[in-house]
Amino acid sequence: MTIRSARQDELELLRTLESAAGVLFRGIGMTDIAEHPPPPLQLFEQARQAGRLWVSVDADDHPTGFVLVTLVDGAAHIEQISVHPDHQGQGLGRRMIGHVDAWAAEQGLPALTLSTFRSVPWNGPYYARLGFQELSPQDLTSGLSDLLAAETAFGLDPAQRIFMRRPVAGQ
């Protein structure tokens with residue numbers, strides 16, 4: 001498996017991949033999340049142009065997953081990470097997070113952050129195993145507080161959401 005920058009001609013495919021990955025939520029009764037539309041092409045394009053959109057690819061250079069990063073309060077915020085269901089369970093998510101970690105270190109960023117579902121096994125508990133620690137409400141930066149407000153306005157239950165942070169390796 002290789003991780004590389006996403007190409008513009010792959011952006012629509014990444015939206016399809018995101019929709020496929022979201023189907024897992026249907027199996028745990030989170031149908032509204034499973035049916036949520038993927039991020040707009042414009043968001044993918046902005047991240048790609050900024051050098052903050054990477055894909056994992058198979059031996060045929062076909063995307064199997066992606067990670068999209070934004071900058072929030074001086075940290076690399078993992079806005080979205082998805083792996084196609086046919087390729088899950090192979091460590092692709094972990095390796096993409098490792099790639100983001102190395103990139104963040106090169107940029108001089110101190111930490112990775114993300115927001116996720118507290119109790120979904122492949123969300124909060126998974127990220128905790130990767131070294132992310134839950135932030136208390138008092139520890140949220142202003143940018144993360146703004147993201148929480150946006151998620152709540154979108155309809156996500158803030159009691160089910162957590163923000164997590166992990167120092168960049170070597171920091």
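Arg 15 touches Pro 38, Pro 39, Pro 40, Leu 41 and Phe 44, with residues up to four places away in sequence left out of the count; a contact here means heavy atoms within 4.5 Å. Arg 15 itself belongs to helix α1 (residues 11-22). Between Arg 15 and Gln 88 there are 73 residues in sequence and 17 Å in space, taken from C-alpha to C-alpha.

The structure is a predicted model, in which local features need pLDDT of at least 70 and side-chain atom pairs count only at pLDDT 80 or more, while totals for chains, interfaces and linings use all residues. Residues are numbered from 1 along each chain as its sequence is written, and side-chain values use heavy atoms, with hydrogens and water left out.

The protein chain contains six helices and seven strands, where helices (H or I, at least four residues) and strands (E, at least two) are DSSP runs numbered from the N terminus. Along the sequence these elements follow the pattern β-α-α-α-β-β-β-α-β-α-β-α-β. The radius of gyration of the protein chain is 15 Å, close to the 16 Å given by the globule rule for 171 residues, so the chain is as compact as a globular protein of that length. The radius is taken over C-alpha atoms, and the rule is 2.2 Å times the number of residues to the power 0.38. Along the principal axes, the C-alpha atoms fill a box of roughly 45 × 40 × 30 Å.

Of the 171 residues, 46% count as buried; buried means under 20% relative accessible area, exposed over 50% and partly exposed in between, with a 1.4 Å probe and protein chains only. The accessible surface of the protein chain comes to about 8600 Å², of which carbon and sulfur atoms hold 51%. These areas come from the Shrake-Rupley method with a 1.4 Å probe, and for residues only the protein chains shown count as cover. Among contacts between residues at least 6 apart in sequence, 67% join residues at least 24 apart. The chain carries 13 positive and 20 negative side chains, and the centres of the two sets lie 4 Å apart. Lys and Arg count as positive and Asp and Glu as negative, whereas His and the chain ends are not counted; each charge is placed at NZ of Lys, CZ of Arg, CG of Asp or CD of Glu.

Strands of a sheet pair through backbone hydrogen bonds, either parallel or antiparallel. In this model seven strands form an open sheet of mixed pairing, in the order β1-β2-β3-β4-β5-β7-β6, and two strands are taken to pair if DSSP finds at least two bridges between them. The edge strands are β1 and β6 (133-134), each of which pairs on one side only.

Strand β2 (residues 53-57) has five of its five residues buried, so this strand is largely enclosed by the rest of the structure. Both of its faces are covered: Leu 53, Val 55 and Val 57 are buried on one side, as are Trp 54 and Ser 56 on the other. Strand β1 (residues 2-5) pairs with β2 in the antiparallel sense over four bridges. Across this pairing, Ile 3 stands opposite Ser 56 and Arg 4 stands opposite Val 55. β2 also pairs with strand β3 (residues 63-72), in the antiparallel sense and over five bridges; the bridge partner of Leu 53 in β3 is Leu 68.

The hairpin of β2 and β3 has five residues between the strands. Asp 61, located in the loop between β2 and β3, has a positive phi of about 65° although it is not a glycine. Asp 61 counts as partly exposed, at 31% relative accessibility. A positive phi, of about 50°, is also found at Asp 73, again not a glycine. Asp 73 lies in the loop between β3 and β4 (75-83) and is partly exposed, with a relative accessible area of 45%. Most residues other than glycine have a negative phi.

In strand β7 (residues 161-167), five of the seven residues are buried, so β7 is largely enclosed by the rest of the structure. Strand β5 (residues 111-117) runs antiparallel to β7 and is joined to it by seven bridges. β6 and β7 likewise pair in the antiparallel sense, over two bridges. Arg 165 of β7 stands opposite Thr 113 and also opposite Gln 133.
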